[in-house]
Amino acid sequence: MNLSFEHAIYALIAGMFVLNFALRFIPLALLSRVSIPRPIMRWLSYMPMAVMGALVASAILIPALERFFAELIWFRTAPRECGSTTPELFPLFVHHEIFGMIAAMLTYYYTKSFVGATLAGVIVFALLQLLVIPL
Amino acid sequence: MVFSRNIELKQFRAGLRSGFPIFLGYLPVGIAYGILTVNFGFTPIQAILASALALSGVGQFVALSTLALSESVMASILASTIVNLRYILFSASLSPHLQGLKMRILAGIGFTTTDESFAINSTEIRELRASPHSMFGVGAIGWLGWVLGTGIGTIGAQFLGDLSAWGIYFAIPAMYAALFVALANNRKQVYCGLGAAAITLGLYGLTLLGLQLETYWFTIITALIAATLAVLIFPDKGDNSDGVQVNTDKDIKAAEAAEGVHS
């Protein structure tokens with residue numbers, strides 16, 4: 001297919017629309033018309049928690065690990081190479097994502113507010129970003 | 001019309017309120033998407049259209065980077081679809097709670113289902129606060145944040161500068177953390193969530209060791225393994241003790257009948 005750039009973008013948008021809608025609508029349309037066997041029900045009822053565990057790990061724990069690896073390499077090489085531009089405020093490994101996560105979790109636990117928890121996480125993350133020299 | 005009765009509009013508004021954190025989380029990411037697409041050569045209309053019709057955060061970013069690398073529309077659509085295969089699990093998981101509804105409301109809920117709306121709706125289902133129209137409301141407010149963010153990004157591409165300094169890209173991860181706590185309302189669910197996190201970290205470890213696996217596969221592979229393990233490991237006691245809501249669609253139907261949702 002030889003499309004102009006503009007047409008290519010419209011084709012992309014149309015394709016994403018149709019396929020994304022199909023993925024989300026067809027299972028809903030089909031499965032809401034049949035009664036689902038109990039083992040499948042049990043399986044599906046663990047799905048939200050399984051998805052959230054995966055998302056917490058990939059959005060928070062993996063970035064934190066990557067930061068940890070970067071710091072590990074930095075602490076082993078940089079001070080000797082370029083003198084003392086070490087992060088002086090927090091000489092220990094500080095993980096913005098971990099502290100942001102803890103702030104969000106505690107805030108939700110005590111307030112049951114998703115907005116409050118989201119803001120708490122963002123504020124802690126932003127403060128650490130201000131205080132700690134980013135690598 | 002989507003709303004045939006007042007009660008449905010009321011539930012929809014309740015959903016808009018429950019989904020407001022999604023709006024907050026999507027706004028900055030939408031702005032980032034707007035900036036990126038305009039720099040890529042999209043017109044603002046095209047960028048907004050993409051967000052309004054596809055409504056798939058990671059999927060849209062992946063489509064864009066695939067288009068940049070391969071210059072193939074087909075490959076880009078395929079890549080975004082693969083990233084979004086997890087939506088099948090989401091809507092399958094919501095379907096027991098949406099039995100026998102009209103197609104238009106199912107279409108509304110389906111169209112607006114994302115990781116975040118799925119998570120909030122699942123939490124509300126568990127707390128018996130969800131209704132079909134509130135679930136649509138949760139999705140709709142997220143859609144608004146995503147489209148509005150994209151619009152702001154396309155217009156403000158030159159002025160906005162680096163937004164990451166404000167930590168706002170942590171809004172969605174922070175929401176995930178809160179949702180994790182919200183869903184972890186009994187021991188089996190906690191183990192399932194922790195197990196899922198461990199599986200994802202394991203997959204990440206394997207990629208460090210050289211496994212060729214894009215990170216967007218992590219969620220779907222993890223969810224399939226963790227939910228299957230949970231069903232196999234935790235015995236079925238035939239009641240709701242493990243957080244499995246076998247009666248929920250009956251409960252919801254009873255609640256709906258009481259409120260007059262079903263015509």
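I started at Glu127(B), which counts as partly exposed because its relative accessibility is 34%. I am working on a predicted model.

*Entry 1. Salt bridges at Arg129(B).*
I looked for the partners of Glu127(B). It forms a salt bridge with Arg129(B), and the closest N and O atoms are 2.4 Å apart. Arg129(B) also meets the side chain of Glu124(B) in a salt bridge, at 3.0 Å from N to O. I checked the burial of Glu124(B): at 6% relative accessibility, it counts as buried. I noted one network here, in which shared partners join Glu124(B), Glu127(B) and Arg129(B) through salt bridges.

*Entry 2. Salt bridges elsewhere.*
How many salt bridges does the structure hold over all chains? I found four. One of them pairs Asp115(B) with Arg86(B), with 2.6 Å between the closest N and O atoms. I placed both ends: Asp115(B) is in helix α8 of chain B and Arg86(B) in helix α6 of chain B, so the pair ties together parts 29 residues apart in sequence. Are the two partners buried or exposed? Asp115(B) is buried, at 5% relative accessible area. Arg86(B) counts as buried too, at 6%.

*Entry 3. Chain B as a whole.*
I counted 13 helices and zero strands in chain B. Of its 263 residues, 56% are buried. I then took the contacts in chain B with a separation of 6 or more; residues 24 or more positions apart account for 79% of them.

*Entry 4. Thr114(B).*
I moved to Thr114(B), in the loop between α7 (103-111) and α8 (115-126) of chain B. Its relative accessibility is 5%, so it counts as buried. Which side chain does Thr114(B) meet in a polar contact of 2.7 Å? I found that of Tyr26(B). Leaving out residues up to four places away in sequence, I listed what Thr114(B) touches: Arg24(A), Tyr26(B), Leu55(B), Tyr87(B) and Phe90(B).

*Entry 5. Ser93(B).*
I found Ser93(B) in helix α6 (residues 86-94) of chain B. It is buried, with 6% relative accessible area.

*Entry 6. Start of α5(B).*
I compared Val73(B) and Met74(B). Val73(B) lies in helix α5 (residues 73-83) of chain B, and Met74(B) is found in helix α5 of chain B. At 11% relative accessibility, Val73(B) counts as buried. Met74(B) counts as exposed, at 55%; the cut-off for exposed is over 50%. I took C-alpha distances to Ala63(B). For Val73(B), ten residues apart from Ala63(B) along the chain, I got 8.6 Å. For Met74(B), eleven residues apart from Ala63(B) in sequence, I got 9.8 Å.

*Entry 7. The interface.*
I turned to the contact of the two chains. Chain A gives 70 residues to the contact and chain B gives 104 residues. About 7600 Å² is buried between chain A and chain B, and 77% of that is on carbon and sulfur atoms. Which three residues supply more than any other three of the area that chain A buries against chain B? I noted Arg24(A), Tyr46(A) and Met49(A), with 11%.

Next I checked the polar side of the interface. I counted 13 residue pairs in polar contact between chain A and chain B, with both residues at pLDDT 80 or more.

I then asked what chain A brings to the side that touches chain B. At least two residues each come from α1 (5-31), α2 (38-45), α3 (47-82), α4 (96-111) and α5 (114-131) of chain A. The most come from α1(A), with 21 residues. I sorted the residues of this side of chain A into 53 nonpolar, ten polar and seven charged.

*Entry 8. α5(A).*
I checked the length of α5(A). At 1.5 Å a residue, its 18 residues should span 26 Å, and its end C-alpha atoms are 26 Å apart, which agrees. At the N-terminal end of α5(A) I found a cap: a side-chain oxygen of Ser113(A) lies 3.5 Å from the backbone nitrogen of Val115(A). I listed buried residues of α5(A), among them Phe114(A), Ala117(A), Val122(A), Phe125(A) and Leu128(A).

Methods
Residues are numbered from 1 along each chain as its sequence is written. Chains are lettered from A and ligands numbered from 1 in the order in which they are written. Side-chain values use heavy atoms; hydrogens and water are left out. Contact means heavy atoms within 4.5 Å. Buried area is the accessible area (1.4 Å probe) that two parts lose on being put together, summed over both. A polar contact is a pair of N or O atoms within 3.5 Å; within protein, one must be able to donate a hydrogen and the other to accept it, and residues adjacent in sequence count only if both atoms are side-chain atoms. Helices (H or I, at least four residues) and strands (E, at least two) are DSSP runs, numbered from the N terminus. Ala, Val, Leu, Ile, Met, Phe, Trp, Tyr, Cys and Pro count as nonpolar, Asp, Glu, Lys and Arg as charged, and the others, Gly among them, as polar. The expected span of a helix is 1.5 Å times one less than its number of residues. Buried means under 20% relative accessible area, exposed over 50%, partly exposed in between (1.4 Å probe, protein chains only).
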